[in-house]
Amino acid sequence: AMGRLEIIRLRQRRQNLHRLGCATKQMQDVIRGAAYCESLVDQGELEASLDRLAVLEDYTCGHLDTTQDYAWLSPEKPEHLMDIRKLKALEGFGRGVSQLRERIGAGFQVRFLDILLSDLRNHISNTSNDDTVLRWAVASQRYRGLSKQRPSMSTAYLASSAKLRENLSTVLIGLKRAKSTLAAASAFREAISKEMKSIIRRHLPSSSDDDAESTLSSSTRSS
């Protein structure tokens, strides 16, 4: 009976050592995978980094979809996976993933602003000032209930290219996955406000022009 108990104990010990070895390898894979995801962000591969980050999080929880490419994470198929998130060696893993996701979100935010502001500037360069003023006047009259008919005008400003919609859709999906949609919307409000102020200032007389006109008026009155 003592012999059987010893055999069971040794078998249990071997199983525990095997699990420890698997957990150690899994932890090493996670550390290597995190460094790989960070390198993708550094290279601007935002979509790929999000895909890899999702796999990495599942792997840390003990799950791996072996139908997908995982060679970047583990050179060989893992024998046994477990949830290792509570290991002391991975204490800061969750915080690191959050910081990496914030960096990815910031990258998508830059793309988001660039797409929309470029489209705005392109619209301004291709739309006549007369059309813009006319639309403003019609909108003002409609708001006051004075306009019954809309005058004919170019509707080019309503057009958007398929490429613009495609790029914007890709970025919006990325922002959602990176949990940065609200931050991007807030940044866009601030950026569009600055852009509008800059456009208005370009069409207003400068302070030096005002000073020159004031000086000329004073000179005229003195004479």
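User: Why is tryptophan 72 called buried?
Analyst: In this predicted model, tryptophan 72 has a relative accessible area of 10%. Buried means under 20%, exposed over 50%, and partly exposed in between (1.4 Å probe, protein chains only), so tryptophan 72 counts as buried. Local features here need pLDDT of at least 70, side-chain atom pairs count only at pLDDT 80 or more, and totals for chains, interfaces and linings use all residues. Residues are numbered from 1 along each chain as its sequence is written, and side-chain values use heavy atoms, with hydrogens and water left out.

User: And what makes tyrosine 36 partly exposed?
Analyst: Its relative accessible area is 30%, which falls in the in-between range.

User: How do you know that tyrosine 36 and tryptophan 72 are stacked?
Analyst: Rings of Phe, Tyr and Trp (its six-membered ring) pair if their centres lie within 6.5 Å; planes under 30 degrees apart are stacked, over 60 edge-to-face, the rest tilted. Tyrosine 36 and tryptophan 72 sit 5.4 Å centre to centre with 25° between the planes, so "stacked" it is.

User: What makes the phenylalanine 112 and phenylalanine 188 pair edge-to-face?
Analyst: With 6.0 Å centre to centre, the two rings pair, and the 65° between their planes makes them edge-to-face.

User: Why are H3 and H5 called roughly antiparallel?
Analyst: Their axes cross at roughly 155°. Angles under 35 degrees count as roughly parallel, over 145 as roughly antiparallel, 65 to 115 as roughly perpendicular and the rest as oblique, so H3 and H5 are roughly antiparallel.

Technical notes: Axes fitted to C-alpha atoms, helices over the stretch in contact; angles between N-to-C directions. Helix = DSSP H or I, 4+ residues; strand = E, 2+ residues; numbered from the N terminus.
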